[in-house]
Amino acid sequence: VQAALDEFAARATPLALWSAERTRAVADGTDLALQAYGDAQGDMAAGTDRGRTENERFAPRIAW
Amino acid sequence: VRRLVAPVPGARIDTESVFDAARAVSSAAETHASTGADASVSWLRVGDGYSAPESQQLMSAMTPVRMATEGFAGAAQAVARALTTFALEAEAAQAKQVRATSAISSFRAVATGSDSWQDDPALVAQNTRLTAEAAAAERELCEAEEACARAIAAIPVDAPAPVSTAGTLGAGAPLGGNGTWGYPDGVVEVAINPLFFLGKTPEDVTAWWNGLSAEAQAAFVASFPAIVGNRDGIPAKVRDEANRARLSSLRTQLEGDEDRLTEIMSSTPETRDTFSLYGGHLLRLQNPEWSEAFSELARVRENLAAIDALTQVVDSDAPPRFLLVADLSGRVPRAAVAVGNPDEATHLGVLVPGTSTTVATKMSELDSEAADIYAKAREQSRVPGDSISVVAWLDYEAPPELINATSRSYAQKGSPDLATFSAGLGATNTVGEPRITLMGHSYGAVVAGDAAAETAAGVDSLVVYGAPGAGSNIADGVDKFAMLAPDDPILRYHASLGNLGALGEVPYPQWVTTSMIDPVSGYLDMADGWEQLPVTGSPSSGESWSEESSGHSQYLKNQSRSQFNLVQVLLGNEPSR
């Protein structure tokens with residue numbers, strides 16, 4: 001059983017690492033995206049120039 | 001000689017440890033899967049509010065993450081199950097061994113020290129039975145062990161997804177490629193961040209694009225055409241290549257949708273329920289599935305018709321066409337096609353059409369008007385080295401009916417996109433500062449005028465014809481020209497609503513309708529800074545341009561004075577007054 005477990009570990013490790021790395025990348029990317037999303041909403045609510053650009057350019061594409 | 005049954009060794013499998021190991025593996029698997037699922041789900045939260053053309057591709061990029069974490073977790077759970085099964089079977093086998101142990105100890109106490117038990121058939125039988133029992137228990141234990149090992153060995157583990165040439169993100173590359181997921185550096189971080197372009201001007205986009213390696217640029221075209229295809233600030237050739245590639249995949253997708261929706265509609269009754277009301281009236285309740293499929297099918301077919309129209313236009317032989325925008329993600333299809341390479345043009349014209357124009361119904365006509373202007377401008381050009389490009393721009397939702405054309409809202413939505421588009425033409429132009437002329441017809445004049453209000457749009461001239469209004473606050477330095485046929489029914493709009501200014505300033509000083517429509521006349525507020533160009537009679541410099549444009553929709557008629565003037569403005573020449 002131990003030998004089978006060792007053999008399984010050898011086979012499954014690449015997938016485990018691959019999926020963990022991608023999960024982390026997605027989570028990081030999502031954090032950044034949500035941060036930018038929040039900032040953009042803040043900019044727009046505050047009526048800054050940047051917010052105006054964001055709104056004009058992206059409002060039709062992003063359902064705020 | 002019979003052998004006395006051997007003493008049973010203590011339980012050699014610590015089943016509690018096996019249970020613990022199974023639990024640990026199972027909980028690790030669960031954590032792995034839920035982390036992956038959380039990442040996908042939190043991403044989808046962004047997706048809820050995000051509907052760019054590339055969103056579908058971005059969402060599908062998350063699928064491998066979920067699949068890989070689920071795949072690993074599934075395999076690990078199978079290991080946990082195999083270990084649990086083994087622990088249970090080992091426990092049962094070892095319980096039998098324990099039961100045998102006490103019997104064997106008692107028997108051995110009696111039998112040891114004398115071989116006389118061999119003469120007692122009852123004791124011999126007991127010895128045989130106990131030996132068999134001990135052996136059976138041990139065999140059971142071994143079998144359980146072997147079954148567990150076999151089960152673990154048989155658990156399939158997917159390899160990390162192989163490199164895909166189909167270009168789906170994350171169908172991906174092995175670990176340790178050059179950049180993330182095997183894409184060149186600088187690709188994935190942009191592809192997975194839906195807000196990367198937020199707040200970036202076309203000039204920023206051009207600078208970003210020029211800073212990418214050739215491999216990264218190629219990866220965007222091959223794998224993420226939706227990200228670059230419609231993006232202002234990306235070179236025209238790149239947009240064209242990406243968008244042409246997208247047309248065929250979009251068509252395949254839409255045809256699949258059409259089949260699916262047709263199937264739903266044919267297998268779902270239109271009516272869910274019918275009630276009789278007072279007076280014999282019937283109340284019919286429509287099946288929501290049918291009704292959803294019905295409206296979705298209409299949208300799908302509109303998009304397919306748009307693809308047909310675009311395919312026909314971009315496949316025109318000469319001059320070359322550049323598919324700068326193909327956007328089927330919104331309520332109506334939107335597109336822009338350039339005749340001649342805009343990045344190499346010294347003189348750029350952008351045709352902005354008006355009410356009820358759609359990609360499916362109008363792109364072909366608008367493209368041939370653009371091609372005519374392109375040809376006439378080349379013919380009229382007096383400066384060696386001048387090069388022309390004329391864009392048929394339908395990248396906005398035009399008012400569907402004349403009745404909607406009194407609202408500014410369509411222009412409010414469309415003009416920022418036109419301004420950015422125009423700025424993008426300037427950003428990617430390789431000959432320096434191109435001369436940009438916006439040409440707005442009818443409601444398109446409102447969109448073009450409002451776009452020309454943006455200094456960043458870099459508009460040099462604005463020509464409007466048959467305009468109900470021409471937007472407001474047009475930027476300083478923009479040359480403004482207006483044309484109006486004496487029998488253009490848009491005069492009725494001027495008479496009724498012109499002075500209210502709902503569609504911006506009216507670029508004509510007065511309205512005088514002729515007998516072709518109700519003969520009424522009046523004055524508008526003087527159109528400040530607008531130069532009126534005639535649409536009848538031939539210009540002094542060209543006798544052959546004597547075609548007159550009449551009504552609302554002949555301003556671009558070949559060899560007409562209005563077309564002549566449009567061409568002169570495009571070329572930066574003096575128009576004929």
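Buried means under 20% relative accessible area, exposed over 50%, and partly exposed anything in between. Keep that in mind for the close-ups below, which come from a predicted model.

**View 1**
Leu277(B) has 43% relative accessibility, so it counts as partly exposed. You'll find Leu277(B) in the loop that runs between strand S1 (271–276) and strand S2 (282–286) of chain B. Together with Phe275(B), Tyr278(B), Leu283(B) and Leu285(B), Leu277(B) makes a nonpolar surface patch of about 530 Å².

**View 1. The two chains, for orientation.**
Chain A has two helices and zero strands. Of its 64 residues, 34% are buried, and its accessible surface comes to about 3,300 Å², with 57% belonging to carbon and sulfur atoms. Chain B has 14 helices and twelve strands. Its 577 residues are 51% buried, and chain B exposes about 25,700 Å², of which carbon and sulfur atoms supply 53%. If you look at contacts in chain B with a separation of 6 or more, 68% of them involve residues 24 or more positions apart.

In soluble globular proteins, nonpolar side chains tend to be buried together. Here the largest nonpolar core has 98 residues, and those with the most contacts inside it are Leu324(B), Trp393(B), Leu418(B), Phe421(B) and Leu438(B). Helix H9 (residues 288–314) of chain B gives this core its largest share, ten residues. Apart from this core lies another one of 31 residues, including Ala78(B), Ala90(B), Ala93(B) and Leu141(B). Zooming in on Leu324(B), and leaving out residues up to four places away in sequence, its contacts include Ala236(B), Ala336(B), Ala338(B), Pro342(B), Val391(B), Phe421(B) and Leu425(B). Gly229(B), Asn230(B), Arg239(B) and Asn243(B) also touch Leu324(B).

**View 2. Strand S9(B) and its parallel partners.**
Four of the five residues of strand S9 (residues 479–483) of chain B are buried, so the strand is largely enclosed by the rest of the structure. Strand S8 (residues 461–465) of chain B runs parallel to S9(B) and is joined to it by five bridges; within this pairing, Val463(B) has Phe481(B) as its bridge partner. S9(B) also runs parallel to S12(B), with four bridges between them. There, Lys480(B) stands opposite Trp530(B) in S12(B).

**View 3. Asp240(B) and Arg244(B), a salt bridge within a helix.**
Side chains of opposite charge can pair when their charged atoms come close. Asp240(B) and Arg244(B) do this with their closest N and O atoms 2.9 Å apart. Both sit in helix H8 (residues 236–267) of chain B, and because they are four residues apart there, about one helical turn separates them. Is Asp240(B) buried or exposed? With a relative accessible area of 10%, Asp240(B) is buried, while Arg244(B), at 29%, is partly exposed. The pair also belongs to a network of salt bridges that links Asp240(B), Arg244(B) and Asp315(B). Over all chains, a search of the whole structure finds 20 salt bridges.

**View 4. Asp367(B) and Arg321(B), from helix to strand.**
The closest N and O atoms of this salt bridge, formed by Asp367(B) and Arg321(B), are 2.8 Å apart. Asp367(B) lies in helix H10 (residues 359–380) of chain B and Arg321(B) in strand S3 (residues 321–327) of chain B, so the pair ties together parts 46 residues apart in sequence. Asp367(B) counts as buried at 4% relative accessibility, and Arg321(B) counts as buried at 7%.

**View 5. Asp417(B) and Arg334(B), another link between distant parts.**
In this salt bridge, Asp417(B) and Arg334(B) bring their closest N and O atoms to 2.7 Å. The partners are 83 residues apart: Asp417(B) is in helix H11 (residues 409–428) of chain B, and Arg334(B) is in strand S4 (residues 334–339) of chain B. Asp417(B) is buried, with a relative accessible area of 2%. Arg334(B) counts as buried too, at 14% relative accessibility.

**View 6. Glu543(B) in its loop.**
Glu543(B) is found in the loop between strand S12 (530–533) and helix H14 (561–571) of chain B. Glu543(B) has 59% relative accessibility and so counts as exposed. Glu543(B) and Arg561(B) are 18 residues apart in sequence, and their C-alpha atoms are 9.7 Å apart in space.

Key:
Residues numbered from 1 in each chain as written. Chains lettered and ligands numbered in written order. Predicted model: local features only at pLDDT ≥ 70, side-chain atom pairs only at ≥ 80, totals over all residues. Heavy atoms only, no water. Buried < 20%, exposed > 50% of the residue type's maximum accessible area, 1.4 Å probe, protein only. Core = buried A, V, L, I, M, F, W, Y, C linked by side-chain atoms within 4.5 Å. Contact = heavy atoms within 4.5 Å. Pairing = 2+ DSSP bridges. Patch = residues over 30% accessible without salt bridge, like charges linked within 9 Å, V, L, I, M, F, W, Y side chains within 5 Å. Areas by Shrake-Rupley, 256 points an atom, 1.4 Å probe, with all protein chains shown as cover. Salt bridge = Lys/Arg side-chain N within 4 Å of Asp/Glu carboxyl O.
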